[in-house]
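This report covers strand pairing and salt bridges. Please view the sequence and the model together.

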Amino acid sequence: RPRMLVDGLPQHGTSRPYEMVHYKMYVGDRHHDVTFSLGINVGTLDLFVRASTSADGLPPTQTHHDWVARAPASSITVHVSDARFCHHCYYYVGVYGVTAANYSLVAMTTAASVTL
C-alpha cells in the first residue's frame with residue numbers, strides 16, 4: 001500500500017537499488033500547483049508521478065507515468081495549466097532507487113507551508 005503524503009509534511013524513507021517506494025496524496029478542491037520534491041541524503045533516485053481519480057489507482061512505474069524527474073533532477077511541479085492536472089483526485093508518487101538511497105519527500109501545493 002502506498003504511504004499517504006500530507007500537504008507540506010516531509011516523509012523520510014530509504015530505497016534499495018532497483019526498488020520503487022510508493023506514496024499517494026489526495027488533492028481536493030484546491031486549484032494550486034502541486035510540487036513533489038526529494039531531498040536526497042545518500043544515493044541516486046528517480047521520481048515518478050501518476051494522477052488518478054480513484055483511491056485505488058495504479059501507482060507509477062518507470063514506463064507508465066504522467067510526470068518524471070530522473071536523477072540528477074529531484075522535483076516535479078504539476079501546474080494548474082497542465083492538461084493532466086486534476087483536483088478531487090490522487091497523485092501517486094514512485095521513488096525509484098537507482099542506487100541505495102536515504103531521502104525525504106515533500107508534496108506541497110502552493111497553498112501549503114513546509115513543516116520541518
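## Strand pairing

Strand 2 and strand 9 (residues 101-109) run antiparallel and are joined by five bridges. Thr14 has Asn102 in strand 9 as its bridge partner. Strands here are DSSP E runs of at least two residues, numbered from the N terminus. Two strands pair if DSSP finds at least two bridges between them.

The model is predicted: local features need pLDDT of at least 70, side-chain atom pairs count only at pLDDT 80 or more, and totals for chains, interfaces and linings use all residues. Residues are numbered from 1 along each chain as its sequence is written, and side-chain values use heavy atoms, without hydrogens and water.

Four strands form an open sheet in the order 2-9-4-7, with antiparallel pairing. Strand 2 (11-15) and strand 7 (75-78) are the edges, each pairing on one side only.

Eight bridges link strand 4 to strand 9. There, Ile40 has Tyr103 in strand 9 as its bridge partner. Four bridges join strand 4 (residues 34-42) to strand 7. Ser37 stands opposite Ser75 in strand 7.

## Salt bridges

The count is three salt bridges, each a side-chain nitrogen of Lys or Arg within 4 Å of a carboxyl oxygen of Asp or Glu. Arg70 pairs with Asp46, with the closest N and O atoms 3.5 Å apart. Arg70 lies in the loop between strand 6 (67-69) and strand 7, and Asp46 in strand 5 (residues 45-52), so the pair ties together parts that are 24 residues apart in sequence. Asp46 is buried, at 7% relative accessible area; Arg70 is partly exposed, at 40%. Buried means under 20%, exposed over 50%, and partly exposed in between (1.4 Å probe, protein chains only).

Glu19 bridges to Arg16 at 3.0 Å between the closest N and O atoms. Asp82 and Arg84 meet at 3.4 Å, N to O.
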